[in-house]
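Try each task before you read its solution.

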Amino acid sequence: MLKKASGALALFLWLLSIPAAADEKTKAAEMYQLLDAEAALAKAPSSYFIMDFNEKAVFLKARGIVLKKWELGKAKFWGKAVSIKAFKLMKKSTWFPPKRKNIVPGKDEQGNVDLGVLELKDMPAIYSLTFPDRIRVSVRPKSRKFFLFFRNVGTAFRRYTYLPLKTLWLSLKKKSFTEVELVMANERDSKALFWAFLEGQSCIIYQPRK
Amino acid sequence: MNKNKVYRTALLGLAIVWVCLEIAGYTIVLFQHSRKIPDELEKFIAEKNLRDLQAKNRQLAGRIKTFSPRGTLILVDTAENRLYLKEGTKMLREAVVSCGSGEVLEEPGGTRKWVFDTPRGEYAVQSKLVDPTWIKPDWAFIEEGEKVPKNFNDRIDEDSLGDFALGFGNGYFIHGTLYTRLLGRNVTHGCIRVGDADLEAIFQKAGSGTRIYIY
């Protein structure tokens, strides 16, 4: 009787451990994919980005070393899970793209305090990044209180009307898509990410299973 | 009265259609979320065992480390106008610098055009100069509204680059400046201007071949 009970207990414990082991394996497999993709990028001299939703940070790296790190405020996902591999940034879109100033020859500006040069403050804080496989990352900073209402209306429309309809439309066309909403900790970080991210640059989006 | 009823019915119909579309959209998303692991990952997991994966992960992490440069490093953040002198992961010095203005200069009546950005990417110190002389390129004269000189000696400027300069290719340098009050702003033609004390420290520490990462 005791033997049977201990046998049943052992079987029960073994069955309990199966999902944990499967989770561990999934984590290890996801990590493998991340490291494998990064190893391929770190071989080359070009810098690359890793959007790590496990660490809640965006890393700009080159040769495996971290050049810059941005903390993420919040992140929301919609649609198909992103494959853990390198994607090249196809396009940065914004309502008000920064404009370069043309120099007027003969006009000395080194003494001018208001230089009109292209600086971080001139970068947009709200923009979107388009990657292949219909992956779109919308970036914005945490809103200031005054704009909170308008932002909430916009976000609600997007989340509750635009995205479900887009999902339905693309499903009918047998296509999938991924939307990521990144909320940066502050406006400066949002602008700095726009500055640092160049079209054609590689990025790994790492969204491990919870 | 009849007209109002038609409007109400139309509105109700539209609302029903909208709710149905919303429900359909959400159902698809819920289905996609229930299959959060991409197909290729699911297949990959099925083929491997945990120990193999863990061993491979250690191997890959080690491999990435072998790509990382050793010794002194110079990192330049063009957005923040900061230069970081590092020894591996240890920060040795942080300097306020000036990077490219992003302005555009077009040659009046000509075809040439210059964009004054600091180039981004991985570079290495190629030359180290003490009391550097700037050989002014054509754009320096065009920008001033002057004629491009034919005599080479008219291009020599011994004052602008400060006490030291570190060349990193294509005519770009990390050098000193006369305009120290503009440090921290994007005002240069692509070079990286540094204050005197910081420049000397960087010059002493960085050797030929020291890696420079500009972002």
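**Exercise 1.** Which domains does the domain assignment give for chain B?

*Solution.* Before we start: this is a predicted model, where local features need pLDDT of at least 70, side-chain atom pairs count only at pLDDT 80 or more, and totals for chains, interfaces and linings use all residues. Residues are numbered from 1 along each chain as its sequence is written, chains are lettered from A and ligands numbered from 1 in the order in which they are written, and side-chain values use heavy atoms, with hydrogens and water left out.

Step 1: domain bounds come from an automatic or database domain assignment. Step 2: for chain B, that gives domain 1 (1-68) and domain 2 (72-214). Step 3: the C-alpha centres of these two domains of chain B are 48 Å apart.

**Exercise 2.** Work out how β3(A) pairs with β2(A) and with β8(A).

*Solution.* Step 1: strands (E, at least two residues) and helices (H or I, at least four residues) are DSSP runs, numbered from the N terminus. Two strands pair if DSSP finds at least two bridges between them. Step 2: β2(A), residues 57-62, and β3(A), residues 65-79, are antiparallel, with six bridges. One place to look is A:Ala57, whose bridge partner in β3(A) is A:Glu71. Step 3: check the hairpin, where two residues lie between the strands and A:Arg63 has a positive phi near 50°. Step 4: β3(A) also pairs with β8(A), residues 178-184, in the antiparallel sense over seven bridges. Here A:Ala75 is opposite A:Leu182.

**Exercise 3.** Is helix α3(A) mostly covered or mostly uncovered?

*Solution.* Step 1: buried means under 20% relative accessible area, exposed over 50%, and partly exposed in between (1.4 Å probe, protein chains only). Step 2: α3(A) spans residues 187-196, and eight of its ten residues are buried, so to speak mostly covered. Among them are A:Leu193, A:Phe194 and A:Trp195.

**Exercise 4.** How many aromatic pairs does the structure hold over all chains?

*Solution.* Step 1: rings of Phe, Tyr and Trp (its six-membered ring) pair if their centres lie within 6.5 Å; planes under 30 degrees apart count as stacked, over 60 as edge-to-face and the rest as tilted. Step 2: the total over all chains is ten. B:Phe168 is buried at 2% relative accessible area, while B:Tyr172 is partly exposed at 22%.
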